[in-house]
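Trainee: Could we go through this structure together, one question at a time? I would like to learn how to read it.

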Amino acid sequence: GYGAGGNVSHLHKTFPNCKITAIEWDPVMVEIADYIKLHPSKLRPNILIGDAAEILQELPGPFDLILFDAYSGNVVMPEIRTETFCEDLSRLLGRNGFLLYNWSDQPDVLDILQKYMEMSSEWTKYYNRIALFQNKKSNP
């Protein structure tokens, strides 16, 4: 989830020439980010508004990095527990691409993702639990 776009500036600081595509289901969050001018227009990502499960099916890849932080309250979106969604994430990652996944307190999702990607690292930061996965497939 794009939310209000807080990760965008961190990504541009670390990867100055990166191009970012973000997905957000709530258009109000995008309006808030634009209203408070969270980032300069030249750094504003390409924002796709809608359901991530549907958008991922049509989104062309590959991506070097996918940040996944899609919750309603403290509950991860249920689609992440489906084979289709995990296959789509894997398909969208380039060769040796990474998925940074905020799994909060729902470790069962890690088992599903590990069918498609290899977990490299895990961290805890405040209330977040983060797992880093690397794509197992050799996508072009």
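Trainee: In which helix is the place of Tyr 35?

Mentor: Good place to begin! This is a predicted model, where local features need pLDDT of at least 70, side-chain atom pairs count only at pLDDT 80 or more, and totals for chains, interfaces and linings use all residues. Residues are numbered from 1 along each chain as its sequence is written, and side-chain values use heavy atoms, with hydrogens and water left out. Helices (DSSP runs of H or I, at least four residues) and strands (runs of E, at least two) are numbered from the N terminus, and Tyr 35 belongs to residues 27–35, helix H2.

Trainee: Which residue caps the N-terminal end of H2?

Mentor: Look for a side-chain oxygen by the backbone nitrogen of Val 28.

Trainee: How many salt bridges does the structure hold?

Mentor: A salt bridge is a side-chain nitrogen of Lys or Arg within 4 Å of a carboxyl oxygen of Asp or Glu. Side chains of opposite charge can pair when their charged atoms come close. In this structure, the number of salt bridges is three.

Trainee: Which residue forms a salt bridge with Asp 34?

Mentor: The closest N and O atoms of this pair are 3.0 Å apart, and the partner of Asp 34 is Arg 44. The pair links distant parts of the chain, ten residues apart: Asp 34 is in helix H2, and the loop between H2 and strand S2 (46–49) holds Arg 44.

Trainee: Which side chain meets Lys 115 in a salt bridge?

Mentor: Lys 115 sits in the loop between H5 and strand S7 (117–125), and its partner is 32 residues apart from it, in helix H4. With 54% relative accessibility, Lys 115 counts as exposed. The N to O distance is 3.0 Å, and the partner is Glu 83.

Trainee: Where do Arg 91 and Asp 88 lie?

Mentor: These two form a salt bridge with the closest N and O atoms 3.8 Å apart. Asp 88 is buried, with a relative accessible area of 10%, whereas Arg 91 counts as partly exposed at 33%. They are three residues apart, about one turn of the helix, and both lie in helix H4.

Trainee: How many residues are in the largest nonpolar core?

Mentor: A nonpolar core is a set of buried Ala, Val, Leu, Ile, Met, Phe, Trp, Tyr and Cys residues joined through side-chain atoms within 4.5 Å. Phe 68, Ile 80 and Phe 85 are among the residues that touch the most other members, and the core has 29 residues. Strand S3 (63–68) and helix H4 (83–92) are among the elements that each supply at least two residues of this core.

Trainee: Which peptide bond is cis?

Mentor: Find Pro 62 in the loop between H3 and S3. Omega is near -5° for the cis bond, which runs from Gly 61 to Pro 62.

Conventions. Buried < 20%, exposed > 50% of the residue type's maximum accessible area, 1.4 Å probe, protein only. Polar contact = N/O pair within 3.5 Å; in protein donor to acceptor, adjacent residues only side chain to side chain.
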